[in-house]
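Student: I'd like to go through this one feature by feature. Could you give me the general idea each time, then the case at hand?

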Amino acid sequence: MAPSHPNSGAAGTPPALITVWPGSSYPLGANFDGGGTNFAVFSEIADKVELCLIDDKGEESRICLDEVDGYVWHAYLPNVSPGQRYGFRVHGPFDPAAGHRCDPSKLLLDPYGKSFDGEFTFGQALFSYDLAAVAEDPAETGTPPQVDSRGHTMTSVVINPFFDWATDRAPRTPYHETVIYEAHVKGMTQTHPAIPEALRGTYAGLAHPAIIEHLKSLNVTAIELMPVHQFMHDSRLLDLGLRNYWGYNTFGFFAPHSQYAANPQAGGAVPEFKSMVRAFHEQGIEVILDVVYNHTAEGNQLGPTINFRGIDNAAYYRLVDEDLRLYKDFTGTGNSLNARHPHTLQLIMDSLRYWVTEMHVDGFRFDLASTLAREFYDVDRLSAFFDLVQQDPIVSQVKLIAEPWDVGEGGYQVGNFPGLWTEWNGKYRDTVRDYWRGEPATLGEFASRLTGSSDLYEATGRRPGASINFVTAHDGFTLNDLVSYNEKHNEANGEDNRDGESHNRSWNCGVEGPTDDPEILDLRRRQMRNIMATLMLSQGTPMVTHGDEIGRTQHGNNNVYCQDSELSWMDWSLVDKNSDLLAFTRKATLLRKKHPVFRRRRFFEGRPIRSADQVRDIAWLTSAGEEMTAEDWDSQFGRSIAVFLNGEALPEPNLRGERVVDDSFLLCFNAHDHEVDFVIPHDDYAKEWTAELDTTDPTGEVKLVVNDGDAVSLPARTLLVFRKTQ
């Protein structure tokens with residue numbers, strides 16, 4: 001039988017006997033098996049690692065982890081059960097010049113921790129250098145002042161992994177049938193009148209029937225949650241009376257953020273998150289997580305020591321080769337995770353698998369994904385990270401969405417990710433914004449984006465679904481603000497309006513911000529409908545930002561990362577105030593859902609299909625109803641165009657191998673600032689066309705039937721959709 005170890009160096013508690021068995025080096029983290037808990041933590045640089053058990057009074061019992069295999073320190077404690085709070089103390093070199101920053105005065109959080117408790121108290125205790133000395137000389141980091149962080153940092157918590165998933169099944173919605181809704185857990189639920197106050201801002205609130213019914217009415221098939229991995233609120237923001245609202249400041253890649261739980265105590269966020277996923281799955285809605293594996297909350301060399309830095313700094317972070325005291329920063333946040341190191345790669349892959357297998361999520365959107373692909377400096381499509389994802393039997397089978405850029409040189413990689421991946425299509429966003437605001441650009445660019453961006457994705461064997469089409473996202477203007485402001489107005493962020501993107505490709509329609517002018521208000525509403533309709537009629541995978549369907553505004557703030565307030569939360573009173581926009585959005589999403597011609601699995605060919613006498617799958621027309629010429633395509637100021645989509649020329653069969661046949665459509669776009677007459681083209685196969693969607697109407701309703709050869713007048717900045725009925 002394994003010996004009992006005396007409490008070694010316990011802080012404030014009398015010596016006690018704790019039964020310790022050798023345990024296993026895998027899996028990493030704290031894992032309860034029904035009888036006890038195995039603890040394992042990696043550190044290649046450590047001389048000694050102590051497991052620290054924290055009792056209800058905050059007192060600490062330390063156990064030396066004597067077993068080490070492959071730099072993993074481990075032990076099994078048969079009497080430790082869920083709810084136990086713990087941390088680690090790592091003894092080893094503190095030598096920043098060599099890249100090492102071990103500091104045993106810091107109670108370190110488990111990199112594999114599945115739940116966390118408490119709060120951070122910013123002050124000397126969290127930092128491994130003298131704050132006063134650095135305030136006078138930022139280069140003077142010196143020796144750690146050895147101030148204990150216990151009581152000032154959060155603690156890791158052992159969780160109960162067992163959960164009744166009942167008959168839960170992943171919806172596995174194909175990309176071509178997917179409509180993504182980007183949402184924030186708190187922002188989506190904080191003011192909803194139908195959600196009980198105790199559940200607002202929580203996972204349980206997000207799973208409330210009122211939210212699910214709203215998403216279902218929009219024909220949403222996947223909700224993409226902004227970061228829910230455990231994150232830290234920056235001390236700078238707290239000093240300003242602000243908070244890290246968006247959550248792109250992760251330190252716990254296995255734990256759902258505890259502040260989003262109705263009952264955060266003793267690991268309560270975990271079952272609540274699982275219940276939320278189960279509720280969404282019951283309604284056929286997938287759950288996608290926005291994940292931040294590119295950096296951590298510890299920041300640069302002046303940041304706090306809370307876990308990775310004190311455990312093995314050089315293994316977990318990219319350091320500057322010429323000066324190992326400093327951190328490479330491809331993210332603009334102070335550090336970059338070292339995806340070249342096998343244990344860091346393992347952590348990322350273990351985290352992804354955990355969220356799929358244990359938490360049942362359906363995919364991931366990777367923040368600043370280019371950072372993960374940097375082998376040495378440049379972004380590399382053949383990086384180890386991509387190799388691991390490609391061959392992983394679990395991770396490779398869920399939705400993988402890249403934000404295909406970072407802030408480093410050569411970081412903009414739209415269209416360059418491997419075949420397994422889909423991407424936020426920044427070129428789609430920019431092109432659609434420019435088109436509807438009347439910015440000179442080629443119609444060819446607009447046509448490419450409308451038809452799935454084959455120029456970006458086809459060469460890597462990908463299909464239209466690889467293009468995640470969006471015009472707005474959490475980062476930037478809302479749809480309402482996109483048509484209401486020319487300039488950002490971020491003064492509330494405390495950075496003198498220097499933060500946030502300055503080039504927004506927005507247009508205020510004539511007046512900056514709020515106005516009572518009925519003509520400008522009418523134009524703004526029409527522009528919102530134009531953009532929403534374009535998004536739903538484009539080939540690819542559409543993504544809607546939460547609140548755009550009801551005209552949510554942030555009053556010109558395009559960077560509400562620190563605004564945990566009504567400025568950033570959903571204003572649910574807009575459901576009534578802007579009910580027409582909501583009705584229009586529902587109509588547009590339903591049109592897409594009902595008609596496979598708007599969500600093809602394969603790219604258009606643009607030429608006759610299978611036989612010479614068959615009508616092509618797509619045709620581009622001028623407003624005169626004539627086929628576009630090279631001169632028409634090259635026009636820098638062409639703002640009107642029509643496109644014929646042939647519903648009888650869909651090449652791909654359905655899942656049962658049956659031929660798919662749909663109605664044919666004629667889409668008429670007029671982005672001019674004046675009225676344009678569109679001539680309905682002559683066609684042996686189409687004699688009568690019925691209007692299905694009209695952006696001049698607040699709800700998109702229209703009663704209009706035309707015949708070939710008829711001229712239809714489209715007002716300025718209008719989109720009209722016809723369906724062939726004869």
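Student: How far apart are the C-alpha centres of domain 2 and domain 3?

Tutor: They lie 34 Å apart, with domain bounds taken from an automatic or database domain assignment. Domain 2 spans 175–439 + 464–584 and domain 3 spans 598–724. Residues are numbered from 1 along each chain as its sequence is written. This is a predicted model, where local features need pLDDT of at least 70, side-chain atom pairs count only at pLDDT 80 or more, and totals for chains, interfaces and linings use all residues, while side-chain values use heavy atoms, leaving out hydrogens and water.

Student: What is the mean pLDDT of the protein?

Tutor: pLDDT is the predictor's confidence in each residue, from 0 to 100. The mean here is 92, and 94% of the residues reach 70 or more.

Student: Where does pLDDT stay under 50?

Tutor: Where pLDDT is low, the predicted coordinates should not be read in detail. That applies to residues 1–15, where pLDDT stays under 50.

Student: How many disulfides does the structure hold?

Tutor: A disulfide is a covalent bond between the sulfur atoms of two cysteines. With the cut-off at sulfur atoms within 2.5 Å, the structure holds zero. For Cys102, the nearest cysteine sulfur, that of Cys52, is 14 Å away.

Student: Is Cys102 buried or exposed?

Tutor: Buried means under 20% relative accessible area, exposed over 50%, and partly exposed in between (1.4 Å probe, protein chains only). Cys102 has 3%, so Cys102 is buried. Cys668, at 1%, is buried too.

Methods
Contact means heavy atoms within 4.5 Å.
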